Amino acid sequence: MFVLLLACAGPRLYYLRSELPILEGRFDLAVAPGPWPHKDVPAVVSDTDAIPDDLVLPTLRALMSLPGASDACDPNTGGPRPDASEYCVALYKTPQDWRVSWPIRNLMKERSSCQPPFGGVDDESFGRNLPIIGFAHNHPCATSMSSDDLTRFPAMKMEDGLWTMVSYAASPDGQLARDSRNRLIPAWAWLATGHKDEPRFYKWNPAGEVFQWNEDKALWEFQANCHPQEASGMRSPRMLLPRCSPELKW
C-alpha cells in the first residue's frame, strides 16, 4: 500500500509557501530551495555578463507546464478558474553557473499571485546568500502584466537593518553582484503568459523597459516603456494595468 501511494503521488513539482523557511519571522522573506531539478531546466555554465537565455527560456516554458499554470480559464467568465495558479522562481548565480530555484505556489492566493522568495535561495551545493538576478512567474488564463508585477525585484538587507528592493542582482545579506568587468549586474523580471501551445514571454527591468521574446528571430524585441499605476481605494495594484508608451498590445 505504501509503495502504491508513492507511485500515485509522483515526483514533486513545486513547493508551497508554507513549507519554506522564512527570515526574521516575516512571511515575505521566504527562502526557496535550489536548484530546480527539472529535466528541461539545467544549470547553465556561461561566461556572459548577463543571465543566459538558455536558462531563462526553458524556465518560462517549464512554468507553463505546471498544474493550473496555463489555459485554466472559466468559459463563463473568461477569468481564471479556482485551480488557476501562479508560480514564482528566483534566477540566481553561483560561483560556477546560473541556476533557477524551485517554483513556489501560493495556494492561499492562487487566483492572485505567488510572492517571490525575497529571502533568497538555499542552494544544495553553495548554501544561502547567492545573488538573485530576478524573478520569473507565469500568469494563468493568458492575463497580462499588472502594475504590481513591475515592482518585484531582488531584496536585500541594508546596514540599518531594513529591507529594500534593488535594481541590481543582490544577495539577501546586502551584497551587490558584479560581472567580469566589475560592473553591477542589472536585475530583471520575466513573465510567461498566453496559452500552453502559444506562450508569450516578456521581460522588463526596473526602468520599465519591456521586451517580448520573438521565437522566429530568437531575440528579445523592445515593446514599450511601462510604469505602474497607483492603487486607489479598495483596488489592488495587481488589478491595474501599467501605463505604457507606446501602448503595450496583448
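The model is predicted: local features need pLDDT of at least 70, side-chain atom pairs count only at pLDDT 80 or more, and totals for chains, interfaces and linings use all residues. Residues are numbered from 1 along each chain as its sequence is written, and side-chain values use heavy atoms, with hydrogens and water left out.

**Overall build**

The chain contains two helices and 14 strands. Here helices (H or I, at least four residues) and strands (E, at least two) are DSSP runs, numbered from the N terminus. Of its 250 residues, 48% count as buried. Buried means under 20% relative accessible area, exposed means over 50%, and partly exposed lies in between (1.4 Å probe, protein chains only). The accessible surface is about 12,900 Å², and carbon and sulfur atoms hold 53% of that. Such areas come from the Shrake-Rupley method with a 1.4 Å probe; for residues, only the protein chains shown count as cover.

**Helix H2**

Helix H2 covers residues 53-64, and its end C-alpha atoms lie 16 Å apart, in agreement with the 16 Å that its 12 residues should span at 1.5 Å a residue. The expected span is 1.5 Å times one less than the number of residues. Nine of the 12 residues of H2 are buried, so the helix is largely enclosed by the rest of the structure. Among the buried ones are Leu55, Leu60 and Met64.

**Strand S10 and its partners**

Strand S10 (residues 188-195) is mostly covered, with seven of its eight residues buried. S10 pairs with strand S7 (residues 132-138) in the parallel sense over five bridges; two strands pair if DSSP finds at least two bridges between them. In this pairing, Ala136 stands opposite Trp190 of S10. On strand S11 (residues 198-204), S10 has an antiparallel partner, joined to it by seven bridges. S10 and S11 form a hairpin with two residues between them, and His195 has Glu198 as its bridge partner.

**Aromatic rings**

Six aromatic pairs are found in the whole structure. Rings of Phe, Tyr and Trp (its six-membered ring) pair if their centres lie within 6.5 Å; planes under 30 degrees apart count as stacked, over 60 as edge-to-face and the rest as tilted. Two of the pairs are edge-to-face:

| Pair | Centre to centre | Angle between planes |
|---|---|---|
| Phe211 and Phe222 | 5.6 Å | 75° |
| Trp213 and Trp220 | 5.4 Å | 65° |

Phe211 belongs to strand S12 (residues 209-214) and Phe222 to strand S13 (residues 219-227), 11 residues apart. Phe211 counts as buried because its relative accessibility is 17%, whereas Phe222, at 43%, counts as partly exposed. Trp213 and Trp220 are both buried. Trp188, Phe211 and Phe222 form one aromatic cluster.

The charged end of Lys203 sits over the ring of Trp188, 4.4 Å from its centre. A charge sits over a ring if NZ of Lys or CZ of Arg is within 6 Å of the ring centre and within 35 degrees of the ring normal. Arg17 likewise has its charged end over the ring of Phe27, 4.7 Å from the centre.

**Backbone sites**

The peptide bond from Gly34 to Pro35 is cis, with omega near -5°; Pro35 lies in the loop between strand S2 (32-34) and H2. Ser245 and Pro246 are also joined by a cis peptide bond, with omega about -5°.

Cys141 is not a glycine, but its phi is positive, near 65°. Cys141 lies in the loop between S7 and strand S8 (155-157) and counts as buried at 8% relative accessibility.
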